[in-house]
Amino acid sequence: MSKGILYDATLCIACKLCEKACAERNGLPYDDDIAAEQKQSAHKLTCVLTHQDKFMRRLCMNCQDPSCASVCPVAALRKTPEGPVTYDASRCMGCRYCMVACPFSVPKYEWDKPLPLVRKCDMCSDRVSRGLQTACADACPTGATKFGVREDLIAEAKDRIAKNPDTYVNHIFGLNEVGGTSVLLLSSVPFEQFGYRTDLSGEALPLLTYRVLSHIPDLVTIGAVALGGLWWLTNRKNEVARDENGDDGGEPGGRKAHATS
Amino acid sequence: MRRPKITFWRVILVLILVVGAYATLVRFTRGLGASTNLSDAFPWGLWVGFDVMCGVMLAAGGFTLTATVYILNLREFKPIIRPTVLTAFLGYILVTVALLFDLGRGYRIWHPLIMWNPRSVMFEVAWCVTLYSTVLSLEFSSVVFERWRFFKLLRLQKMLVIPLVIAGVMLSTLHQSSLGSLYLIVPNKLHPLWYTPILPVLFFLSAICVGLAMTIFESSMSARHFGRHLELPLLRQLGRTLLVALGVYTVVRFQDLLHRGALHLLQWRSPETPLFVLEMLLCSFAPIGLLLIPKVRKNADGLYLSSVLCLLGFVTNRLNIAITGMERYAGQQYFPKWTEISITLAIIAAGFLIFALAVKYLPIFESAESRQREAEPESAGGKLPELFHVES
C-alpha cells in the first residue's frame, strides 16, 4: 500500500520539531536562524510557514506521478511503490530540469557548492522502506503531521472535514492536484495564502509530455520513408534528364540501378 | 611566420576571450551561485535560454540546407553546403561547451547515454544532439579527408552521404521540436502567450525559418569577409522560401493564440506585452513586410536585412520562453550576471575564431568542386554514380 502524510494545519502549533527532525535525518545543520527562515532551500527541506496566527507546512508533495521523475534525463529521481520520490545523487548531472518542471517548485539546488546536488524531501524513503514513519511525523507532538496509508489518510481527511465543515476549507490539497500527491494538506484558510496554487490541473503533468513523446517512433519511420522516397524521386528526375541530354552516355552506374529497382 | 595584424576586431576578440577565461575560472572554482544570477526560483538562465536554446536553433541551417541539396536535389546550392555544415557542427560543439558550464556537474554530461529515462524530453534531446553531432562530424569529414587526401575514406563518405543526410534531418526534426516539448510540462509556469500544446510544432517551424535565414545571413557574411557568396538568383530563391516559411509560422502562431483565447492577455501594462510585440515584429511582421516588397526581395542587402531581423526575432522568442515568460511565476526578475554574459560572449567569439581558422586551413570556400576535380576526377559534383563507374 502506498504511504502518505496528512498534515492538518489546524492542529499545528508551529513548534518546528518537524523541521528539526528533518534536518537531523538529512544531516543538515539546524539552529534558531535556520528555524526563522520562511522558505525551503537546499539546507531546509521542510518549512513551517507562519501567516498571522495560521501555520502551514511545506515539503515535497511526493506526487503520485511526479514531474521531476518524468523529466530527469538520467532517472535520478524515481517514484517508489511505497510513496516516496527518491533522488539518486550519483546519477545527477545537475541540469536542474526537475526544478523547472516541479509544479510546486520543491527541488532546491546547492548553489554555493562547486559540485552541487539537488536537495529535496524524499519522505524518509529509508525509514518508510523499513516500516517506520517519517522523521517529521515521528517528531510531531500534536498529530498535525500524520503518517499512514494514503487511502486511509484520505478517508480520515474527508471525515475531519465532514465533522467540522466550519473549521476547514473544503479541499484536501493533494487529493487530485497534478494527479494526486502522497502528501495531503488540510487547512482552515485558503491554501493560496501560503503560496500553494489551487489552479493546478487534476491531470498528471507528465501526460502532457508523453502525448508528444509517444509519437516519436511513428514520426521517425514515416520521416525516414518520406525523405528516402523524396530523394529517390528528385534524384531519378535528374538522372532521367541527364540521360535524355545524353550526358555521361547514360551510364549512371550502380546507384540508379539500385534505386529504381 | 608572419605576425598577425592588430585590428580592431582582433583586439575585441582577444579581450572577450581573456575576460571569458577569467569568468570560467570563477565559474569552476566558486560554483554556480557565485558566478550566475540563477536561484532556486530561477534555475535556468542565459546559458540555457541563449547558449543552448538559441545555439541549437541557429545551427538549423545544417539540416535545412543538406535536405535542400541532397533530398530535394537542388544542387545549385551546393557551393554553400560546407560553410553551413561547418557552422552547424561548430554550433553543436559550442552548445555542448555551454552545457558544461551550465550543468552543476558537467563531468557527468555523458550520463544520459547509459542511464536511461525514455520518458524524459531532455533524455531524448541529449541522445538526438549526440547522434546529430556525430552525423555532422561525418558530413563534415569530407572536408578533412579532402584536405589530407584520404581519398578512400572520402569515397566511403560519399557513399554514406544520403543516409547521413536523412538521419540528420530526422534527428534535427526531433530535437528542434523537442526543445519546445521541454516546456510542455510547465503549463502553470510559462506565460500563456508562449505556453501552448503545439510548442514542438512552433519550434520545428521556426527552426526551418531560422535555417533559411541563417543560410542567407551566412552567405552574405561570407561575401563580405571571404569573398565567397551565393549567386543572387539563389539568394532570392532562399528569400522567397523564407517568406513562405515565415508566413506559415505566423499563421500557425496566431491561430494557436486565437484558439486558446490568449490574445486578450496583451494588455498595455503587462510586462510581457512589449516583449511579445517585439518578438512578433522581428520574427514575423518586419521580415514578411520587407520580403513582400519585390525590390527588397531581389536585393542582396534587403535579403540580408530581412534575415537578420528574422534571426533576432526568433532569438527573442526563445529568450521569452526560457526567461521572460517564466518571470511572472517565479515572482522575480532575472538578469544574467557579468560572468554569464562574458562566458556566452567568449563562446560566440571562440566560434568565430574557429570558423575563421577552418576557412584558412581547410577547403571550406575554395571551390570544393574544382579542387576535387584536379585531385580526383571521378568525384566531381558529388555525382556518386560515377564513383562506381571509375572503380569498375
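1. Setting aside neighbours within four places in sequence, T181(A) touches M61(A), N62(A), C63(A), Q64(A), F104(A), R150(A) and G174(A). T181(A) sits in the loop between α7 (150-163) and β9 (183-186) of chain A. With a relative accessible area of 0%, T181(A) is buried. Please keep in mind as you read on that this is a predicted model.

2. Now for the chain around that residue. Chain A contains 10 helices and nine strands. Its radius of gyration is 27 Å, whereas a compact globule of 261 residues would have one near 18 Å. Along the principal axes, the C-alpha atoms of chain A fill a box of roughly 95 × 45 × 35 Å, which is a handy set of numbers to have beside you when you turn the model on screen.

3. Among contacts in chain A with a separation of 6 or more, 57% are between residues 24 or more positions apart. The chain exposes about 11,500 Å², and carbon and sulfur atoms supply 54% of that area.

4. Chain B is built from 15 helices and has zero strands. Its radius of gyration is 22 Å, close to the 21 Å that the globule rule gives for 392 residues, so chain B is as compact as a globular protein of that length. The C-alpha trace of chain B spans about 70 × 50 × 50 Å along its principal axes.

5. Buried residues account for 57% of its 392 residues. Of the contacts with a separation of 6 or more, 78% join residues 24 or more positions apart. The accessible surface of chain B is about 17,100 Å², with 70% of it belonging to carbon and sulfur atoms.

6. Which residues lie closest to the centre of the second largest pocket? The pocket itself holds about 960 Å³ of space. Of its 39 lining residues, the closest to the centre are Q40(A), S105(A), K108(A), D40(B) and A41(B), a list that draws on both chain A and chain B.

7. From chain A, α4 (97-101) and β6 (108-109) each supply at least two residues, as does α12 (300-330) of chain B. The largest share, four residues, comes from α12(B). By residue type, the lining divides into 21 nonpolar, eight polar and 10 charged.

8. S105(A) lies in the loop between α4 and β6 of chain A. Is S105(A) buried or exposed? Its relative accessible area is 19%, and buried means under 20%, so S105(A) counts as buried. The backbone is worth checking here too: phi of S105(A) is near 50°, a positive value in a residue other than glycine.

9. Chain B has a residue with a positive phi as well. R149(B) is not a glycine, yet its phi is about 60°. It is in the loop between α6 (121-147) and α7 (151-181) of chain B. At 53% relative accessibility, R149(B) counts as exposed.

10. For a residue inside a helix, have a look at L86(B), found in α4 (residues 81-102) of chain B. L86(B) counts as buried, at 4% relative accessibility. Beyond its neighbours within four places in sequence, L86(B) is in contact with F140(B), F355(B), A358(B) and I364(B). By way of a distance check, L86(B) and I6(B) are 80 residues apart in sequence, and their C-alpha atoms are 26 Å apart in space.

11. To finish, back to chain A and Q133(A), placed in the loop between α5 (125-129) and α6 (135-139). Q133(A) is partly exposed, at 30% relative accessibility. Outside the four places on either side in sequence, Q133(A) makes contact with R127(A), D138(A) and F147(A). Its C-alpha atom is separated by 16 Å from that of T86(A), 47 residues away along the chain.

How values were computed. Residues numbered from 1 in each chain as written. Chains lettered and ligands numbered in written order. Predicted model: local features only at pLDDT ≥ 70, side-chain atom pairs only at ≥ 80, totals over all residues. Heavy atoms only, no water. 1 Å grid on protein atoms, 1.4 Å probe; cavity = no way out; pocket = protein on both sides within 12 Å on 5 of 7 lines; lining within 4 Å. Points joined across faces, edges and corners; volume = space filled by probe spheres on them. Nonpolar A, V, L, I, M, F, W, Y, C, P; charged D, E, K, R; others polar. Rg over C-alpha atoms; globule rule 2.2 N^0.38 Å. Contact = heavy atoms within 4.5 Å. Areas by Shrake-Rupley, 256 points an atom, 1.4 Å probe, with all protein chains shown as cover. Buried < 20%, exposed > 50% of the residue type's maximum accessible area, 1.4 Å probe, protein only.
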